[in-house]
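Subject: Structure handover

Hello,

Here is the structure I promised to pass on. Please open it next to this email and follow along.

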Amino acid sequence: MGSSERLFNRQRTLHDILGAGLVADVVLWRRKNLTVGILLITLAAWVVFERSGYTLLSLVSNVLLLLIVVLFLWAKSAAILNRPATPLPELHISEEMVNEMGNFIRTRVNDLFSVSQDIALGKDSRLFLKVTVYIWLISVVGGLTDFLTLACTSLFIVLTVPAIYERYEDYIDRYIMGGYRTLCKLYVKINEEYVGRVQNWIMEKKKLS
């Protein structure tokens, strides 16, 4: 499928648009174990918070307290019984992961600042209307559900919809572009049959007056 048949006439692949890094790999299931792990942790967190009544602070505090107590008692008992120490994995965040996330966050924050500046200076009325509509929709959705459910649902959508789109990209683009052409033809037809008549009627009224 040519670039003219792609959504927004894009030249790059979805993986490139998402940054072609770790974030893109996770979102598009190039690293399935990591993606599945994030989804399972998200689902478990939602169940725990929704069903148990825990808050994030109380849950993290209790888990850390239990972990520290268990590890401390295990290490003391191992020293008393002359057994090997607690086998702990090496915990660290790689520099590559930090750089990828840092670049991704920096780019998005700069884009947000640029949009905010354009709106504050009144440079783009269309952009102002779009942002206003988006914020209003977020307000409506936020009134229908709580933040935790919204965050978990959003993360689930982010980790599934792009991957499904990439897999069936040709079919989705073809149907969407076909629907877009149909709407354009309908718009032209309505404009010619109704809007044109109204404009002609207004012009006639002006001539008579």
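Below is what was found, going from the whole chain to single residues.

First, the ground rules. This is a predicted model, where local features need pLDDT of at least 70, side-chain atom pairs count only at pLDDT 80 or more, and totals for chains, interfaces and linings use all residues. Residues are numbered from 1 along each chain as its sequence is written, and side-chain values use heavy atoms, with hydrogens and water left out.

**The whole chain**

The protein chain has nine helices and zero strands. Helices (H or I, at least four residues) and strands (E, at least two) are DSSP runs, numbered from the N terminus. Read from that end, the elements go α-α-α-α-α-α-α-α-α. The chain has 209 residues, and 14% of them count as buried. Buried means under 20% relative accessible area, exposed means over 50%, and partly exposed is in between (1.4 Å probe, protein chains only). Now take the contacts between residues at least 6 apart in sequence: 54% of them join residues at least 24 apart. Contact means heavy atoms within 4.5 Å.

**Helix 4**

Helix 4 covers residues 56-80, which is 25 residues. At 1.5 Å a residue it should span 36 Å, and its end C-alpha atoms are 36 Å apart, so the two agree. The expected span is 1.5 Å times one less than the number of residues. Just after this helix, asparagine 82 takes a positive phi of about 55°.

**Two helix pairs**

Two packed helices are described by the angle between their axes and the distance between the axes. Axes are lines fitted to C-alpha atoms, for helices over the stretch in contact, and angles run from 0 to 180 degrees between N-to-C directions.

Start with helix 3 and helix 7 (residues 147-158). They pack at about 165°, with axes 10 Å apart. They are therefore roughly antiparallel. The cut-offs: under 35 degrees is roughly parallel, over 145 roughly antiparallel, 65 to 115 roughly perpendicular, and the rest oblique. Ile38, Leu39, Thr42, Trp46, Phe49 and Glu50 of helix 3 meet Leu148, Thr149, Cys152, Leu155 and Phe156 of helix 7. By class, this contact has eight nonpolar, two polar and one charged residues. Ala, Val, Leu, Ile, Met, Phe, Trp, Tyr, Cys and Pro count as nonpolar, Asp, Glu, Lys and Arg as charged, and the others, Gly among them, as polar.

Next come helix 5 (residues 95-120) and helix 6 (residues 125-144). Their angle is about 115°, and their axes are 9 Å apart. This pair is therefore roughly perpendicular. Val115, Asp118 and Ile119 in helix 5 meet Leu127, Phe128 and Val131 in helix 6. That contact has five nonpolar, no polar and one charged residues.

Tryptophan 29 sits in the loop between helix 2 (22-27) and helix 3 (32-52). Its phi is positive, about 60°, although it is not a glycine. At 27% relative accessibility, tryptophan 29 counts as partly exposed.

Threonine 35 lies in helix 3. Is it buried or exposed? Threonine 35 is buried, with a relative accessible area of 0%. Not counting residues up to four places away in sequence, it touches Asp25, Val26, Trp29 and Leu159.

Leucine 14 belongs to helix 1 (residues 14-17). Leucine 14 is buried too, at 15% relative accessible area. Leaving aside neighbours within four places in sequence, its contacts are Leu28, Pro162, Tyr165 and Glu166. The C-alpha atoms of leucine 14 and leucine 28 are 8.8 Å apart.

Best wishes
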